[in-house]
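Welcome to this short tour. Open your viewer, and we will go from one stop to the next.

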Amino acid sequence: KQWYQRRVAITAGEYQEGLEPNLEMRADTHTVASLLKLYLRRLADSIIPAKFYEDFLSVIWTYDINPTEGLQELKFHLNKIPIPNYNSLRTLCVFLYKVQALSDYNRMDVNNLAIVFAPTIIKRSNDQDLSLEMSDMTKLKKVVEVRKRRE
């Protein structure tokens, strides 16, 4: 495990120095996935900005009662996030859709991907209680699942 963490740290450091590491030559898929998660975690704000956290959480309540209305509410809230964030989210969802399409091989189905990526795609602002965020994660995982299914 130490060699793996070291590889991630070295490669991340190279990116921070402005270098372009050759991932095909020396990195396995786990390293690349860890680099992506690390990058997303280090963003000043999540892809879906923290100020929209409660809005996206409310989508789940609506979706559970009426899926059609929930999807309309999801689209409404997605249109409120900044365009660069929306484009990043869309690109990430397209990529994750391709990953889950190979879930028989990689064991990364929609549920597993949502567990891994939901905390980096959307999170509360830094001044919020982390225990609340963890209790919301099951609900937010569903937002990510729904979004990925719609791509």
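Before you start selecting, keep in mind that this is a predicted model.

**Stop one: a salt bridge.** Select lysine 80 and aspartate 55. They form a salt bridge, with their closest N and O atoms 3.1 Å apart. Lysine 80 sits in the loop between helix H5 (67–78) and helix H6 (83–101), while aspartate 55 belongs to helix H4 (residues 53–65), so the pair links distant parts of the chain, 25 residues apart. Searching the whole structure finds 1 salt bridge. Lysine 80 is partly exposed at 35% relative accessible area, and aspartate 55 is also partly exposed, at 23%.

**Stop two: glutamine 100.** Move to helix H6 and pick glutamine 100. Is this residue buried or exposed? With a relative accessibility of 17%, glutamine 100 counts as buried. Its side chain reaches the backbone oxygen of tyrosine 97 at 3.1 Å. Leaving aside residues up to four places away in sequence, glutamine 100 touches Met108, Asp109, Val110 and Leu113.

**Stop three: the largest pocket.** This pocket has a volume of about 800 Å³. To find its centre, select Thr29, His30, Val32, Ala33 and Ser34, the closest to it of the 26 lining residues. Helix H3 (29–42) is among the elements that contribute two or more residues, and H3 gives the most, with 11. The lining has 19 nonpolar, 5 polar and 2 charged residues.

**Last stop: the second largest pocket.** Here you find about 200 Å³ of space. Select Tyr39, Leu40, Ile47, Ser88 and Leu92, the closest to the centre among 14 lining residues. H6 supplies the largest share of this lining, 7 residues.

Technical notes: Residues numbered from 1 in each chain as written. Predicted model: local features only at pLDDT ≥ 70, side-chain atom pairs only at ≥ 80, totals over all residues. Heavy atoms only, no water. Salt bridge = Lys/Arg side-chain N within 4 Å of Asp/Glu carboxyl O. Helix = DSSP H or I, 4+ residues; strand = E, 2+ residues; numbered from the N terminus. Buried < 20%, exposed > 50% of the residue type's maximum accessible area, 1.4 Å probe, protein only. Polar contact = N/O pair within 3.5 Å; in protein donor to acceptor, adjacent residues only side chain to side chain. Contact = heavy atoms within 4.5 Å. 1 Å grid on protein atoms, 1.4 Å probe; cavity = no way out; pocket = protein on both sides within 12 Å on 5 of 7 lines; lining within 4 Å. Points joined across faces, edges and corners; volume = space filled by probe spheres on them. Nonpolar A, V, L, I, M, F, W, Y, C, P; charged D, E, K, R; others polar.
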